[in-house]
Amino acid sequence: MLIDDLPAGRVVRDPDVLRGFAHDEAEWAPFGLPALVVRPHSAEEVQAVVQACLAHRTPLVTRGAGTGLSGGANAVDGCVVLVTDRLTAVKEINEQERYAVVEPGVVNDDLRAACAERGLWYPPDPASSPWSTIGGNVATNAGGICCVKYGVTRDYVLGLQVVTGTGALVRLGRRTAKGVAGYDLTGLMVGSEGTLGVITEVTVRLRPARAAERTVAGYFGTTVAAGEAAAAVAARGILPSALELVDRHCLAAVDRWKNMGLSADADVVLLARTDAPGALGEHEAAEILACFEQAGATWAAQSTDQAEADALFAARRLAYPALERLGPLLTEDVCVPTQAVPEMLARIDAAGQRHGVLIANVAHIGDGNLHPLLVTPAGDEAAKKNAQAAFDDIIAGALDLGGTVTGEHGVGLLKQPGLARELGPEVLGLHHAVKDALDPHHILNPGKVFPERSRA
């Protein structure tokens, strides 16, 4: 039935291709083998796929570029995987109203480049921005390097076109600067990880192009010292356009891979940027530098070499794929209040020592979103077990400090136990009620975010 309803070339049955679309980048998250992969070319074709799955009660998993790190796009046996890589149109960039309308398969950096040609800027910039898609960014409410000042994906989504679990093709949200009519169903869809609907179009808010950034770098002996410097920046009321942590393990891995000539003089590097104009930018850079020095930086300076500054931020973006070359990675994504960052970094270090696990650290440290990367040798089951124990300890530590189990990667499959603890049974029940309303037959990405319940 599904094959008959779609044009030729949309449905893929080749077993090798099916295996290639069975999972995302999350290590150790379970996955099954899909029955079909479908690559629709329009919203109407997406609707036809959802309606066919609904008629046959077949699970449907939506996938963008597959760059997720929580198992959110992993297939279940016998499901249909709907891939958005043919939905790549930038339909409109409205310079006067400052919004763009795009299909979900548009790559983040491609949208940013198209906006830059018009003197506009789309701020959300996850480290995967050269590969990840806007649909996937919306599904996980992705953040990125500049989110400390400019916010995350939810702050920029004005409207969506979505196919619901009932097979309806609907428009949510608005294109006006203000609007409070009805419930915020657009906001509800952002971060829902494909469990409430299939996104077929996204309208995003844009900003004017910003001033050139000033970069401040500091070297520290420990992650805790770097965390104290970041907390000092926040305590002074400074809002940098970026504040990132990269440790020695990450820099060395990137350097071995890309031969970038990165410094190995520090155990931890803090990278800060300010895009405030003129004298205010100079003042903020000086204040950040003072915070670094007072927190015990072994070296700190405002960069005068833009190429060098850009290389350090490029290394930050390359940390995950560079470390992945060393062995399987279990990637954390906890977020804690900014003043709790030093304590959380100490707990991460302690978890690694306690379980004998190598933990490399990168972080959007300015907003408390930490990404410890647990490295294990391939095929070492004992190391895998130890890494999972450290992973669980890190989640528990973040929750104890008033944090959350995920800042931008999503819950998927890996964070479900932590989510249950974070939300509690009453709030978890509200989530189940929303799922029941929008996907009454539970065909959309079943088993993700929270385990499937038995339904009478």
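Helix 3 (residues 43-56) has 14 residues, which at 1.5 Å a residue should span 20 Å, and the 20 Å between its end C-alpha atoms agrees with this. The expected span is taken as 1.5 Å times one less than the number of residues in the helix. Helices (H or I, at least four residues) and strands (E, at least two) are DSSP runs numbered from the N terminus. The model is a predicted one, in which local features need pLDDT of at least 70 and side-chain atom pairs count only at pLDDT 80 or more, while totals for chains, interfaces and linings use all residues. Residues are numbered from 1 along each chain as its sequence is written, and side-chain values use heavy atoms, with hydrogens and water left out.

Helix 3 is largely enclosed by the rest of the structure, because 10 of its 14 residues are buried. Buried denotes under 20% relative accessible area, exposed over 50%, and partly exposed the range in between (1.4 Å probe, protein chains only). The buried positions of helix 3 are A43, E45, V46, Q47, A48, V49, V50, A52, C53 and L54. Q47, located in helix 3, counts as buried at 19% relative accessibility. Leaving aside residues up to four places away in sequence, Q47 touches V163, G167, A168 and L169, where contact means heavy atoms within 4.5 Å. Just after helix 3, R57 adopts a positive phi of about 55 degrees.

Cysteine pairs were examined with a disulfide defined as two cysteine sulfur atoms within 2.5 Å. A search of the whole structure finds zero disulfides. C53 is accordingly in no disulfide, and the nearest cysteine sulfur, that of C79, is 8.6 Å away. C53 counts as buried at 2% relative accessibility. For C147, the closest cysteine sulfur is that of C146, at 6.7 Å, which is too far for a bond. C147 is also buried, at 9% relative accessibility.

Aromatic pairs were identified from rings of Phe, Tyr and Trp (its six-membered ring) with centres within 6.5 Å; planes under 30 degrees apart count as stacked, over 60 as edge-to-face and the rest as tilted. Four aromatic pairs are found in the whole structure. Among them, W121 and Y150 form an edge-to-face pair, with 4.8 Å centre to centre and 85 degrees between the planes. W121 lies in strand 7 (residues 120-121) and Y150 in helix 6 (residues 147-150), so this pair ties together parts that are 29 residues apart in sequence. W121 is buried at 10% relative accessibility, and Y150 is buried with a relative accessible area of 12%. Y219 and W299 form a tilted pair, at 4.8 Å centre to centre and 45 degrees between the planes. This pair links distant parts of the chain, 80 residues apart, with Y219 in strand 12 (residues 214-220) and W299 in strand 15 (residues 299-302). Y219 is buried at 15% relative accessibility, whereas W299 is partly exposed at 39%.

Charges over aromatic rings were assigned where NZ of Lys or CZ of Arg is within 6 Å of the ring centre and within 35 degrees of the ring normal. The charged end of K258 sits over the ring of W257, 4.2 Å from its centre. R273 lies over the face of F313, at 4.0 Å from the ring centre.

P126 is placed in the loop between strand 7 and helix 5 (134-140) and counts as buried at 8% relative accessibility. Beyond residues up to four places away in sequence, P126 touches N108, S132, N137, A142, G143, G144 and R317.

Most residues other than glycine have a negative phi. E193, which is not a glycine, has a positive phi of about 60 degrees. E193 is found in the loop between helix 7 (185-189) and strand 10 (197-205) and is buried, with a relative accessible area of 7%. N445, in the segment after helix 14 (416-438), has a positive phi near 45 degrees. At 2% relative accessibility, N445 counts as buried.
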